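Subject: Structure for you to look at

Hello,

Here is the structure I said I would pass on. Please open it first, then read the notes below with it on screen.

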Amino acid sequence: WREATVFTEAERAALELAEEGTRVADAARGVSDEVWAYAAKHYDEDQLTALVVLVSFMNAVNRLNIITQQPAGGYEPGQFH
């Protein structure tokens, strides 16, 4: 996402927050103050809360897939119609 030119500054802030919030090996450190401040420039408190919840949910689903050895990316458009 860093090299892509299609994201707005607000989207970049959300992606950076998600990236730091996903790094399990760095969990003791958490999201840096700089990344949080950058996100807070673009999102209000309710929106930041929603971002944190969504990042947490994505992390939970990814962990469930890892534990149950479910491959990601198996969706084919229209498969549920």
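Is Met 58 buried, partly exposed or exposed? Met 58 has a relative accessibility of 45%, so it counts as partly exposed. The cut-offs matter here: under 20% is buried, over 50% is exposed, and partly exposed is in between. Please keep in mind throughout that this is a predicted model.

Overall layout

The protein has 3 helices and 0 strands. Read along the sequence, the pattern is α-α-α. The C-alpha trace spans about 40 × 30 × 25 Å along its principal axes. The radius of gyration of the protein is 15 Å, while a compact globule of 81 residues would have one near 12 Å. Of the 81 residues, 21% count as buried. The accessible surface comes to about 6,300 Å², and carbon and sulfur atoms account for 59% of it. Among contacts between residues at least 6 apart in sequence, 42% join residues at least 24 apart.

Helix H1

Helix H1 covers residues 9–22, which makes 14 residues. At 1.5 Å a residue it should span 20 Å, and its end C-alpha atoms are 20 Å apart, so the two values agree. The buried residues of H1 are Ala 10, Arg 12, Ala 13, Ala 14, Glu 16, Leu 17, Ala 18 and Glu 20. Helix H2 (33–42) and helix H3 (45–67) are included in what covers them.

Leaving aside neighbours within four places in sequence, Glu 16 is in contact with Trp 1, Arg 2, Val 35 and Tyr 38. The C-alpha atom of Glu 16 is also separated by 8.3 Å from that of Ala 39, although these two residues are 23 apart along the chain.

The salt bridge

How many salt bridges does the structure hold? The structure holds 1. It is formed by the side chains of Arg 2 and Glu 19, at 2.6 Å from N to O. Arg 2 lies in the segment before H1 and Glu 19 in helix H1, so the pair ties together parts that are 17 residues apart in sequence. As background, side chains of opposite charge can pair when their charged atoms come close. Arg 2 counts as partly exposed because its relative accessibility is 45%. Glu 19 is partly exposed too, because its relative accessible area is 29%.

Helix H3 has 23 residues. From its first C-alpha to its last it reaches 33 Å, close to the 33 Å expected at 1.5 Å a residue. In H3, the residues Leu 48, Leu 51, Val 55 and Asn 59 are buried. What covers them includes H1 and H2.

Met 58, the residue I began with, lies in helix H3. Together with Phe 57 and Val 61, Met 58 makes a nonpolar surface patch of about 280 Å².

The segment after H3

Gln 69 is found in the segment after H3. For comparison, most residues other than glycine have a negative phi. Gln 69 counts as exposed, because its relative accessibility is 69%.

Pro 71 is found in the segment after H3 as well. At 67% relative accessibility, Pro 71 counts as exposed. Pro 71 and Trp 36 are 35 residues apart in sequence, and their C-alpha atoms are 31 Å apart in space.

Glu 76 also lies in the segment after H3. Its relative accessibility is 52%, so Glu 76 counts as exposed under the over 50% cut-off. The C-alpha atoms of Glu 76 and Glu 19 are separated by 26 Å, and the two residues are 57 apart along the chain.

Regards

Note on methods
Residues numbered from 1 in each chain as written. Predicted model: local features only at pLDDT ≥ 70, side-chain atom pairs only at ≥ 80, totals over all residues. Heavy atoms only, no water. Helix = DSSP H or I, 4+ residues; strand = E, 2+ residues; numbered from the N terminus. Expected span 1.5 Å × (residues − 1). Buried < 20%, exposed > 50% of the residue type's maximum accessible area, 1.4 Å probe, protein only. Contact = heavy atoms within 4.5 Å. Patch = residues over 30% accessible without salt bridge, like charges linked within 9 Å, V, L, I, M, F, W, Y side chains within 5 Å. Areas by Shrake-Rupley, 256 points an atom, 1.4 Å probe, with all protein chains shown as cover. Salt bridge = Lys/Arg side-chain N within 4 Å of Asp/Glu carboxyl O. Rg over C-alpha atoms; globule rule 2.2 N^0.38 Å.
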